[in-house]
8 protein chains.
Amino acid sequence: MSETPDALPDADRRTRTGIPEIVFAEGKPPERTLDLLADLRRLDPAGPALATRCSAPVLDGAPDAFHGEEVAVDRVGRTVTVGPVPPPRGDVVVVTAGTTDLPVARECTATLAALGVGARTVADVGVAGLHRLLSRLEDVRRADVVVVVAGMDGALPGVVAGLVAAPVIGVPTSVGYGVAAGGRAALATMLAACSPGLVVVNIDNGVGAAAHAAKVLRRA
Amino acid sequence: MSETPDALPDADRRTRTGIPEIVFAEGKPPERTLDLLADLRRLDPAGPALATRCSAPVLDGAPDAFHGEEVAVDRVGRTVTVGPVPPPRGDVVVVTAGTTDLPVARECTATLAALGVGARTVADVGVAGLHRLLSRLEDVRRADVVVVVAGMDGALPGVVAGLVAAPVIGVPTSVGYGVAAGGRAALATMLAACSPGLVVVNIDNGVGAAAHAAKVLRRA
Amino acid sequence: MSETPDALPDADRRTRTGIPEIVFAEGKPPERTLDLLADLRRLDPAGPALATRCSAPVLDGAPDAFHGEEVAVDRVGRTVTVGPVPPPRGDVVVVTAGTTDLPVARECTATLAALGVGARTVADVGVAGLHRLLSRLEDVRRADVVVVVAGMDGALPGVVAGLVAAPVIGVPTSVGYGVAAGGRAALATMLAACSPGLVVVNIDNGVGAAAHAAKVLRRA
Amino acid sequence: MSETPDALPDADRRTRTGIPEIVFAEGKPPERTLDLLADLRRLDPAGPALATRCSAPVLDGAPDAFHGEEVAVDRVGRTVTVGPVPPPRGDVVVVTAGTTDLPVARECTATLAALGVGARTVADVGVAGLHRLLSRLEDVRRADVVVVVAGMDGALPGVVAGLVAAPVIGVPTSVGYGVAAGGRAALATMLAACSPGLVVVNIDNGVGAAAHAAKVLRRA
Amino acid sequence: MSETPDALPDADRRTRTGIPEIVFAEGKPPERTLDLLADLRRLDPAGPALATRCSAPVLDGAPDAFHGEEVAVDRVGRTVTVGPVPPPRGDVVVVTAGTTDLPVARECTATLAALGVGARTVADVGVAGLHRLLSRLEDVRRADVVVVVAGMDGALPGVVAGLVAAPVIGVPTSVGYGVAAGGRAALATMLAACSPGLVVVNIDNGVGAAAHAAKVLRRA
Amino acid sequence: MSETPDALPDADRRTRTGIPEIVFAEGKPPERTLDLLADLRRLDPAGPALATRCSAPVLDGAPDAFHGEEVAVDRVGRTVTVGPVPPPRGDVVVVTAGTTDLPVARECTATLAALGVGARTVADVGVAGLHRLLSRLEDVRRADVVVVVAGMDGALPGVVAGLVAAPVIGVPTSVGYGVAAGGRAALATMLAACSPGLVVVNIDNGVGAAAHAAKVLRRA
Amino acid sequence: MSETPDALPDADRRTRTGIPEIVFAEGKPPERTLDLLADLRRLDPAGPALATRCSAPVLDGAPDAFHGEEVAVDRVGRTVTVGPVPPPRGDVVVVTAGTTDLPVARECTATLAALGVGARTVADVGVAGLHRLLSRLEDVRRADVVVVVAGMDGALPGVVAGLVAAPVIGVPTSVGYGVAAGGRAALATMLAACSPGLVVVNIDNGVGAAAHAAKVLRRA
Amino acid sequence: MSETPDALPDADRRTRTGIPEIVFAEGKPPERTLDLLADLRRLDPAGPALATRCSAPVLDGAPDAFHGEEVAVDRVGRTVTVGPVPPPRGDVVVVTAGTTDLPVARECTATLAALGVGARTVADVGVAGLHRLLSRLEDVRRADVVVVVAGMDGALPGVVAGLVAAPVIGVPTSVGYGVAAGGRAALATMLAACSPGLVVVNIDNGVGAAAHAAKVLRRA
């Protein structure tokens, strides 16, 4: 049987696409995640190495595994960032509908930080209490790009996209029960929204929204 | 083979439930629909007889079939009402998200009329342009019951239910394309909404929303 | 990154909609649920604060966390109510199809109590043994609003709605196996029922049925 | 390319299983259906040849195609029977929930007739008006086998199966709209019913219910 | 709140339908299952009391809970039978496609025993090795009723139903992976089979197949 | 019943979001579409009025209905543009996988033109013949924003997003058969792609991709 | 807007993969299909040009459009082949379950012919009458590759794959009603089959099965 | 009740189909898996006995259970092989899209080894970084058969099948989140791919791909 390696980190991805390879830790043994972070740190030193969906052993083990390096661990967003992050540029607002959407929002902001993009959060402004959003609208309108994270009915991104001129990215979350369980209802709501120019990423994909936002800002 | 009749109109339904049997014309030959209207008119003369989802032959043929009777035909809502409607009581607002939701809204208002309930319409106030709803909010808040008809993302009922104290009934419509085609996305959105006390009926079921509204008003 | 708070309790919701914000505890850390209950108790003292879908640590910890306050814990319905409940008004009957539907029925009755609505239960009267329902029919018919909780085939709400004049709200439950697992079969059955005016809420959403019932009674 | 024939009528099926091959006409050119009926009549003369789901050209053309033979055409049930039917034996009751379920019920009774089984119909007794069923209950209880045909919510077979001792076969129909469109909601309801011993066939499969009923009666 | 009991055992079900109420233990606390068995044993002493889908505490606790009674525990089929079973009558063959379908087959045979029906098993004769079925065909053909239990592709019941004259009941199981996970593929295969008169019950519903078989035999 | 109008064109949308209201003609009577175009032309004269998904009567009737105005009709993309388009700014490449994706690509380029954005097309470069894409790669890489339109397996957007630094928007189309029919397979493929920062719009939503691209360019 | 052509026939595909580009005519205007056939004939003259899923205008117009060329039109399989087919090599048996599966089988055999592969057909041997298959088994076993085309329950490929040593390819068809409508039930059955080495293509994809069979034979 | 055995190992399968019976360990008690391996080793000694989807107790217990025999345990692929493997013949390349697809690839290569087929692996060459595949293309093109294992979007097999002349088998994996969870998105992508002759097996079915590859090679 072949002796080829099991993993081929795509160290050239930052050059081709502007976004480095990011380690998706779910379903990988903790050591493999830490090894891949080390590989990326070595092969692509132009920026920090990032792992998402990290389990407790990765979150706990990263500071020791990379001591001597700057290591940022976000236990809510389940991310590990190894190496110094670039100075932030641009202004992305990450809006959430409810408090249980917070982990996905944090995955997004940690990714933005690793990509050198400035981020603010406007939390818990779901459409059941519209005044919360309206009172923060000027904050949202100032942003270069808006990311809206929402589970359950996923109605918030469509409402926001009807109110602001910046590009809006919807991130459905798997938060919910009954017909909302797993996030497909929220995903469909966002795809079906009538507001102009709302785009969508996969359920719970905070990292994808951040990558798109960063690409948009690079074009600016 | 048995000689029993093929149809047993439930003439006692009005007494038991407060709502008469209503003829669902889809999938029935036009003559059968007209015959069933005549049966109901005869067996349950306490109110008008109503048929919904009528095809053109029924809509066209009803005035002749029941001449001498009051006949109301709504070509947009595809309803036929035979017999005098009761004087309206109460105040139901039927809100629509877009202009293509109009046929379902009309099925609802025609049913409300046949049940002796007063109805107003607030049309085309979907969440992509939130100011349209907010500018009509006092009109909506005055209602005893609010029916919200929406296809595509179906986000409007959840927004309305977060803004008013009256009971709110969501009616998803089959309007839409892609993931919204057929109305299941709108249905899921309404069921998953976080707003307090929003209830839902089947896709395109304007008559069901009207029946529930009438029952609520009878209790008042 | 932003310093805004992660949660914005909607203390004004009771004023706008007649229903206070209710804490959905699933997916939240226990301390956060207890904190949110305390926030609501402080910001919206006009009625008790309620949390649903509470895990054991919340159910166990609530009496201590709020000592000095009236605290009601329902371990079957998984609810915590903090503060004195209003005197009950009106008469809602909560009907269940089977004994495994009980937790959802209890979530509903606990919510009704917190909203100041009187509630009775008629349990285990599923359609496989119709005499059980028929023998309790007069009890059900006396109610102002009827909530029917059913898993598996979800056939009971349609049968009840064909027999009573009060508004009927169907609550599908996730009880079942095979095609019934998760509650979507029961949900579809209720949405497709031919009985006049049956409305439906999300799977296992006892709190939503209670909120709608309370809104209906306030209109009375 | 091969010279083998395109169709191999299974003339031995009656001997093996007690049920002859039956021509499913949907998707076949009219001439092919008539040819297959002729083949079966010739190869398996022990009983009549039956075709179901016949289009107008088959229904119209059959009497001429088989003149000199007894030909029974049911335009509602869309069946053609060629050859004398056996004297009926046993007693099957075919119950329908609504008038739009009639075509499937007729497919079932025509098949029963071709198989030499006696059949009665109890029509339009859906659960929205339960008294209609209860008033016919003794008629239903006398049967050897009960077939219950229902679209929309499909709740009737479960109710019937809780009331009678005979074997009950549920036939979901594609009648309905919204979540009921196509018959999957009715199918799931029947599969999920709690009543003892209810069995189910494919959506709109009147012929399958008849075949099972005939097999049960042969065992008697 | 109401003082009515949470459970109403349907002790009359045996009289009405020929099949007693059977306790579905899944989702019930172990003590409640044992209590319901005791209630049924007392209220309906004409036959044994049966519980299905029992967890280990019920399987372990039943002999002590009912000591002095005959108690049969099947750990593979997860059933508990309390009280003497009637002498077996009739001959049902339960056929399985693979060894992992055994638990459902055992639920079926335990139910048949409790209902006083004789049962034999023909195991592991799935269609991937057709000779296994063909070599047992005479055994299968002798039966009064055939139950075929199959997961994965669920193809076996259709093959059997094309080979025997007895009524055939298909039981899909949740055994499988990928598209077969949960049993919906097997269920659809059985419903779509072209063989005459195959009927189907819910996924993993061994008890339902047994109840139908018993009803068929009572008619004999 | 209310005298409010059925439609409320959102003439302020261009100001709020940078994108004007666009008439979705599907499901609207042709005259209503033409009326709405006229309303928008009058109420929002800052740019041309656009209608998408136009039927033949709208495409045929528009030049006469707006004679004296510049009218652009695209029969492949089914769009009508009324009024002079702004001079193009920026560079969007619209890539298609196959020739049947062309109508959606044309809806996108017509919308870009109406919004004042420059657009080029790179057609028929699906992944089954990868050299077609690779030979056009420099053309694609030069773009400010890339829109990739693909039906069937929907694999092309993920491949493109792994090769370019510009923001990439995937548009699944309803082109396909079997599991691909309706576009859900293509949609899922794009949402699940591993390439960095790919975002997605609803099936066949060429206008949504154009609106997002325009918003991105405005930020530049 | 760009002046690039809308279609790029992949004339190099035969060299790269052994299989030429084949025109999928569905959704294309008839003239475009005929133009693409002419392009392929010119650019890739090493073998005939093939179009599948042709509408009547293509089937009718091809002989004239290519007069002077050999043109084979199969009206059942809806294929057009332009140019001389290579002499057949190898032996593929195409087995069908029922007569309505014939069009897909014919698409497969026409493609095999165009690819220079010998093909035989064994028709109408579905599992409801197993003797039909068993009596043809030696014919099937002699083949180099077996293609099995089946709709409804799709059980036949799994049965065949358990009986022969040749590679077996299953082709689900969209033939069927109820749960079988559209072919997803047949597809799932084939994917879930336990027989060793059965592979599957998309629903109704006769051309894909032929291409795989040809690739297998080229390796021989 | 019957005394027949619960399992009938199909020892003749190797003779009939060229592929021996393989034990699918999931859902079986560990001892049963080990017993079935011993049965197969004894009844079908022409080659090694293989079990897949083994739990830790089987992987741990196999060496002792079969000491004196050659036993190969793959903890990543979860396979146990008992008995000497035949010398490898032919050349199959197993390509994977990502590192989390490795367990399925290993199940495939272990099965190939047991069937006497030579296998190489080309790992982690997913389409997000196309250069990884292109740089290995000559390695892939040399193979007799190519197996491509991919989760998430499942796009890799279609790309590979457009580049090589060997038969290509796609294996979707259950790797992924959101719309990709469980592998259905990857499965649909592969079935819908436009590349010529790509065939597909069930999700995570490494053993099925290996069996088909072995059958293809035997024909060579």
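How many residues of chain A are in contact with residues of chain F, and how many of chain F with chain A?

Entry 1: I am working on a predicted model, where local features need pLDDT of at least 70, side-chain atom pairs count only at pLDDT 80 or more, and totals for chains, interfaces and linings use all residues. Residues are numbered from 1 along each chain as its sequence is written, while chains are lettered from A and ligands numbered from 1 in the order in which they are written.

**Entry 2: A against F.** I looked up the contacts and found 28 residues of chain A touching 28 residues of chain F. Contact here requires C-beta atoms, placed from the backbone, within 7 Å. On the chain A side, α1 (13–17), α8 (184–192), β9 (199–200) and α9 (206–219) each supply at least two residues. The largest share comes from α9(A), with 6 residues. By class I get 16 nonpolar, 7 polar and 5 charged residues on this side. The classes: Ala, Val, Leu, Ile, Met, Phe, Trp, Tyr, Cys and Pro are nonpolar, Asp, Glu, Lys and Arg charged, and the others, Gly among them, polar. Helices (H or I, at least four residues) and strands (E, at least two) are DSSP runs, numbered from the N terminus.

**Entry 3: A against C.** Next I checked chain C. Here 18 residues of chain A are in contact with 17 residues of chain C. From chain A, α4 (102–114) and β6 (117–122) each bring at least two residues to this side. β6(A) gives the most, 4 residues.

**Entry 4: a strand in chain D.** Is strand β8 (residues 168–172) of chain D largely enclosed or open? I find that 5 of its 5 residues are buried, so β8(D) is largely enclosed by the rest of the structure. Buried means 20 or more other C-beta atoms, placed from the backbone, within 10 Å of the residue's own. I checked both faces: Val168(D), Gly170(D) and Pro172(D) are buried on one side, Ile169(D) and Val171(D) on the other.

**Entry 5: its neighbours.** Strands pair if DSSP finds at least two bridges between them. β7 (residues 145–150) of chain D runs parallel to β8(D), joined by 5 bridges. Val146(D) has Val168(D) as its bridge partner. β8(D) also pairs with β9 (residues 199–200) of chain D, in the parallel sense, over 2 bridges. There, Ile169(D) is partnered by Val199(D).

Key. Buried ≥ 20, exposed ≤ 12 C-beta atoms within 10 Å, placed from the backbone. Contact = placed C-beta atoms within 7 Å.
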